Each structure stands twice: as structure tokens, then as C-alpha cells.
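Welcome, and please have your viewer ready with the chain in cartoon view. We will go from the overall fold to a few side chains, one selection at a time.

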Amino acid sequence: MSEISVLHFARFSEEFSQLSPEIVAKEFGLDPAWAAGSVASNVIALSIAEAIGVTSVVPSNLNISDGLVHEALEMARLRC
């Protein structure tokens, strides 16, 4: 993972959102349904970045549900 400017991420997100599902599947080898969800995730990430005033982000394949699962497992471990 590498840090990129919010401006660069916003440009990429806009360009990616304009691609057809067929192109996403062909060019990136991604499931078109996943790609649609990633467009929404990018909008959320950019909104949060703007709200808190950061100038760069670290895009990753992790998402909120991964974090919730990790937190739940950690809490379960602490209880044992």
C-alpha cells in the first residue's frame, strides 16, 4: 500500500466510475459487481478525507467489514 494525494485519488475515482462493467472486468480482472461497490467506497473515502481535511490517503483492499470482523475477534479473545 502506498500513500497518494487526495487529489490524485479523486481523479482516479472519477475515471474509474466512468468505466463500464465490461471494461472493468477486462482491464482490471475484477468482478463488475465488486467494482460498483468500490465506486461507492471511493466516494465515502473521499467524503471523509474532505471532512477531516487530510491531504493524502492510503487505498487498500480492506474495508469496514474487515475491520468489524477483526474487532469482534479481538473482543472475543479478550473475553477468553
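Start with the cartoon: the chain has 4 helices and 2 strands, arranged along the sequence as β-α-α-α-β-α. Helices here are DSSP runs of H or I with at least four residues, strands are runs of E with at least two, and both are numbered from the N terminus. The model is predicted, so local features need pLDDT of at least 70 and side-chain atom pairs count only at pLDDT 80 or more, while totals for chains, interfaces and linings use all residues. Residues are numbered from 1 along each chain as its sequence is written, and side-chain values use heavy atoms, leaving out hydrogens and water.

The chain exposes about 6300 Å², with carbon and sulfur atoms supplying 63% of it; areas come from the Shrake-Rupley method with a 1.4 Å probe, and for residues only the protein chains shown count as cover. Of the 80 residues, 14% count as buried (under 20% relative accessible area; exposed is over 50%, partly exposed in between, 1.4 Å probe, protein chains only).

Now select F12, F16 and F28, which ring pairs link into a cluster. The structure holds 2 aromatic pairs (ring centres of Phe, Tyr or the six-membered ring of Trp within 6.5 Å; planes under 30 degrees apart are stacked, over 60 edge-to-face, the rest tilted). Zoom in on F16 and F28: their centres are 5.5 Å apart and their planes at 65°, so this pair is edge-to-face. F16 sits in helix α1 (residues 6-17) and F28 in helix α2 (residues 21-28), so the pair ties together parts 12 residues apart in sequence. F16 is buried at 6% relative accessible area, whereas F28 is partly exposed at 42%.

Then select I44, I48, I52 and V54, a nonpolar surface patch with about 370 Å² of accessible area together. Patch members have over 30% relative accessible area and no salt bridge; nonpolar side chains (Val, Leu, Ile, Met, Phe, Trp, Tyr) are joined within 5 Å, like charges within 9 Å. I44 belongs to helix α3 (residues 32-52) and is partly exposed, at 48%.

For the last stop, select E74 and R77, whose side chains meet in a salt bridge at 3.0 Å, N to O. The count comes to 1 salt bridge (a side-chain nitrogen of Lys or Arg within 4 Å of a carboxyl oxygen of Asp or Glu). Both residues lie in helix α4 (residues 64-79), 3 residues apart, or about one helical turn. E74 is partly exposed at 32%, and R77 is exposed at 53%.
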